[in-house]
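Thanks for coming. Please look at the screen for a moment before I start talking.

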Amino acid sequence: MSEQTLFKVTVDNITIEVPAGTTILQAARQIGGTVAPPAMCYYSKLKGSGGKCRTCLVEVSKGSEKDPRPMPKLVASCRTTVMDGMEVKNITSEKVVDARAGIVEFLLLNHPLDCPICDQAGECHLQDLSFEHGKSSTRYEFQRRTFKKHDLGIHIQLHMTRCILCYRCVFTADQLTNKREHGILDRGDHAEIATHIEKSLDNEFIGNVIDVCPVGALTDKTFRFKNRVWFLKPMDAHRDCPSCSGRVTLWNRGDEVYRVTARKDEWGEIEDAPDGKPGWICNTCRFDKKQTTDWVIEGPREISRHSVIAQGHYAGNIGTTIPTETFAAINNGRTPHLLMDIHSESEVNQPNVHLGENEGPSNGATFNNNINNA
Amino acid sequence: MGVKLLLEKANVPGIRTYDVYRREGGYSAAEKALKEMTIESIVEEVKKSGLRGRGGAGFPAGMKWSFIAKPEGVPRHLVCNADESEPGTFKDRYLMEFLPHLLIEGLLISSFALGSNDTYIYIRGEYAWVATILEEAIEEATKNGWLGKNILGTGFDCMIHVHRGAGAYICGEETALIESLEGKRGNPRIKPPFPAIQGLWMRPTVVNNVETLAAVVPIIKMGGDEYAKIGVGRSTGTKLISACGNINKPGVYEIDMTISVEDFIYSDEYCGGIANGKKLKACIPGGSSVPILPANLLLKTAKGETRYMNYESLSDGGFATGSMMGSGGFIILDEDQCIVKNTLTLARFYRHESCGQCSPCREGTGWMEKILQKIEAGKGEISDIDLLWDIQRKIEGNTICPLGDAAAWPVAAAIRHFRDEFEWHINNRELSQTSNFGLQHYADPIHVPA
């Protein structure tokens with residue numbers, strides 16, 4: 001019954017009881033909020049990941065009840081297990097805040113900061129990290145390292161210049177596919193993700209590397225430059241897929257499915273399927289099923305990530321709030337049935353159409369009818 | 001003449017071959033260990049000897065051995081770290097090249113004590129000819145019954161395998177070495193678990209330096225207590241020092257750690273003084289990663305005591321005024337050497353050798369090199385010095401393995417002790433391209449703390 005042993009751990013003065021063997025990071029995530037250290041390389045669904053980016057460094061001010069000595073160095077919270085009575089300082093430690101700002105600066109040193117043309121922008125962990133823990137400018141004044149873009153097959157684009165070498169995609173290929181065909185070449189700051197000799201990755205589950213990539217280094221070629229993620233409406237959907245769980249998030253605009261991703265939780269990690277296994281999705285679901293008719297739509301997805309992608313979407317745990325006054329209250333009792341996407345329908349800009357007078361939800365046809373009737 | 005335990009027979013002609021080595025008393029320690037001693041008593045002798053790891057960190061070897069986990073039915077391994085790549089260190093090469101059987105004997109005893117039936121020597125790829133020498137020696141030892149099945153009728157099997165590295169400095173880090181030995185990319189592992197619990201192929205493993213394992217032979221021969229009498233304090237036994245730089249007699253020397261730094265540099269028995277009658281400027285006493293020491297702090301500690309060539313004395317004063325014994329790569333810089341250029345050379349090395357796994361080291365080493373390059377080329381700003389200091393501070397202690405620290409320390413120490421030379425480089429941009437700061441750092445004669 002040793003698994004049932006509960007350890008008391010205090011993170012930023014908040015105490016929680018967790019089972020023995022839990023890492024500091026997981027314990028802090030159970031508390032939630034700003035107590036949870038950021039993680040760029042750790043991915044709880046990937047065995048062996050973590051420890052590399054060093055953004056999750058925390059100070060252990062008390063080792064345990066038995067041995068209260070503090071740990072001499074900052075430790076990587078994603079790979080350090082808790083001890084009974086451990087006291088951890090995350091954002092309450094000046095050392096941690098200082099070290100983390102340094103790490104963010106290091107991570108951004110060779111990052112192109114091409115967010116305006118990057119598909120990951122809006123759901124990028126590095127953006128969030130630098131916004132929350134970094135400084136507003138860099139002290140780096142030299143040329144950044146660059147790489148040529150590579151095609152990893154017909155679906156995946158590798159933009160190595162943006163890579164922060166978190167190794168998540170390497171672990172993904174190791175653990176989801178029979179044979180890993182890409183890896184890290186070279187070392188140091190010229191290390192790169194590569195297939196050595198230009199090779200296409202076409203394992204059925206290799207598309208998941210796009211979901212695990214914390215930055216825009218691996219992107220979905222069926223979605224590249226199609227749209228910004230914050231303009232899309234995430235919808236939970238599923239289909240009966242023979243090879244994977246088939247539980248996905250569709251990113252729609254109007255009726256059009258722009259992209260399909262796995263469902264991600266508030267830490268940006270793949271959610272577990274009902275059977276308790278991580279809900280990885282197959283390439284067919286991800287790249288080929290781009291019609292709403294392919295899917296059974298369950299409803300809008302809550303995005304609880306605190307980045308720009310959550311803005312303007314459904315209220316999540318953090319960030320956006322629902323306004324208290326209703327439309328009807330401020331509009332003389334008239335209730336508009338606006339459930340549409342104004343961007344995809346240019347005809348909507350017609351002042352003669354009163355949306356509140358429509359029966360039922362409005363769509364493009366409403367306006368076309370109006371035009372025809374006029 | 002100091003005591004010689006390891007290199008005593010190094011000059012005997014033909015000592016590289018089994019016959020001569022055996023005639024000179026070789027393998028008698030192995031015979032004694034396997035036939036007369038128990039596993040516990042060997043570990044006990046090594047513990048008593050106070051032998052400290054010769055690879056750089058100076059961790060007590062006997063203690064390391066006692067940490068090894070002994071689960072039932074799981075093989076254990078001993079790995080000899082011969083990936084000696086620290087700039088300035090070449091003691092293991094000398095030992096393996098001239099006394100391969102001494103290492104094999106040490107490995108045999110240690111394997112017996114640790115219960116390792118398959119022992120590995122991970123040798124750096126650049127030591128190609130040394131690897132051949134070792135392989136020949138292993139063949140000879142096997143032929144004569146010192147390796148293989150049922151050694152000396154004790155029922156103990158041991159085979160030594162030589163594995164050539166591919167020339168990465170990082171593979172000298174024990175977990176990176178294990179990864180590389182397993183055939184993977186040489187990235188250091190995140191500890192814990194430590195190799196003593198889960199090492200090579202997730203089996204309990206001990207990784208020791210060449211010199212540490214060779215030193216087991218004299219320890220078994222003379223007994224741990226006798227060995228501990230040599231040297232001083234916790235620096236027991238003898239240490240190989242590879243001296244290089246601007247000295248008259250570069251080479252590998254065996255010292256008993258009671259000699260002062262001044263004697264070591266100026267006596268004819270060892271370095272023989274600074275070459276070409278120049279003056280001493282600075283010294284990196286333990287391989288490139290340890291902090292550089294200016295001449296005044298090298299010969300005397302900040303308290304004014306004589307500095308000796310041993311673990312404690314070299315690190316006296318911490319990093320503020322001391323350094324480290326490290327791996328024994330003793331590099332002397334004379335008055336013609338430029339500290340900025342020297343620091344740049346080291347920074348370039350660490351940038352090149354960083355594995356790129358964790359971000360502070362991967363990005364920070366490259367950044368430091370670029371800034372140093374800029375200062376060296378006469379394009380630096382005064383603010384660059386503070387920036388360098390800040391970068392090294394953010395690398396140190398925040399990385400997975402000690403390479404980050406090793407990259408940060410030389411830069412930190414150079415700025416700490418020679419900030420005036422950096423400033424001179426920046427303030428005299430043109431002059432610094434044609435002339436040298438020399439000994440302007442010091443009062444004449446060199447001020448040694450009283």
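Tyr27(B) is found in the loop between helix H1 (18–23) and H2 of chain B. Phi of Tyr27(B) is near 65 degrees, which is a positive value in a residue that is not glycine.

Before going on, what we have is a predicted model, in which local features need pLDDT of at least 70 and side-chain atom pairs count only at pLDDT 80 or more, while totals for chains, interfaces and linings use all residues. Residues are numbered from 1 along each chain as its sequence is written, and chains are lettered from A and ligands numbered from 1 in the order in which they are written.

How confident is the predictor in chain B? The average pLDDT of chain B is 92, and 99% of the residues score at least 70; pLDDT is the predictor's confidence in each residue, on a scale from 0 to 100. Where pLDDT is low, the predicted coordinates should not be read in detail. For the complex, the predictor gives an ipTM of 0.89 and a pTM of 0.87.

Two packed helices are described by the angle between their axes and the distance between the axes. Helix H2 (residues 28–36) of chain B packs with helix H9 (residues 210–222) of chain B at about 65 degrees, with the axes 9 Å apart. The axes are lines fitted to C-alpha atoms, for helices over the stretch in contact, and the angles run from 0 to 180 degrees between N-to-C directions. H2(B) and H9(B) are therefore roughly perpendicular to each other. On the cut-offs, under 35 degrees counts as roughly parallel, over 145 as roughly antiparallel, 65 to 115 as roughly perpendicular, and the rest as oblique. H2(B) passes H9(B) in a left-handed crossing, where left-handed says that the near helix is turned anticlockwise from the far one by less than a right angle, and right-handed that it is turned clockwise.

Which residues make that contact? From H2(B) they are Ser28(B), Ala29(B), Lys32(B) and Ala33(B), and from H9(B) they are Val217(B), Ile220(B) and Lys221(B). Two residues are in contact if their C-beta atoms, placed from the backbone, lie within 7 Å. By class, this contact has four nonpolar, one polar and two charged residues. Nonpolar covers Ala, Val, Leu, Ile, Met, Phe, Trp, Tyr, Cys and Pro, charged covers Asp, Glu, Lys and Arg, and the others, Gly among them, count as polar.

Next, two cis peptide bonds. Lys191(B) and Pro192(B) are joined by one, with omega about -5 degrees. The bond from Pro192(B) to Pro193(B) is cis as well, with omega near 5 degrees. Pro192(B) lies in the loop between helix H8 (174–181) and strand E5 (205–209) of chain B.

Now the end of the chain. The domain assignment of chain B gives domain 1 (18–229), domain 2 (241–334) and domain 3 (339–434); such bounds come from an automatic or database assignment. Nine residues of domain 2 of chain B are in contact with twelve residues of domain 3 of chain B. The domain 2 side of that contact has seven nonpolar, two polar and no charged residues.

Helix H15 (residues 339–353) of chain B and helix H16 of chain B have axes that come within 9 Å and cross at roughly 155 degrees. H15(B) and H16(B) are therefore roughly antiparallel to each other. H16 (residues 359–376) of chain B also packs with helix H18 (residues 403–427) of chain B, at about 20 degrees and with axes 12 Å apart. That makes H16(B) roughly parallel to H18(B). The contact of H16(B) with H18(B) has nine nonpolar, three polar and no charged residues.

Last, where do the two chains meet? The contact takes 25 residues from chain A and 23 residues from chain B. Helix H2 (residues 94–109) of chain A gives the largest share of the chain A side, six residues. The chain A side has 14 nonpolar, four polar and seven charged residues.

Methods:
Helices (H or I, at least four residues) and strands (E, at least two) are DSSP runs, numbered from the N terminus.
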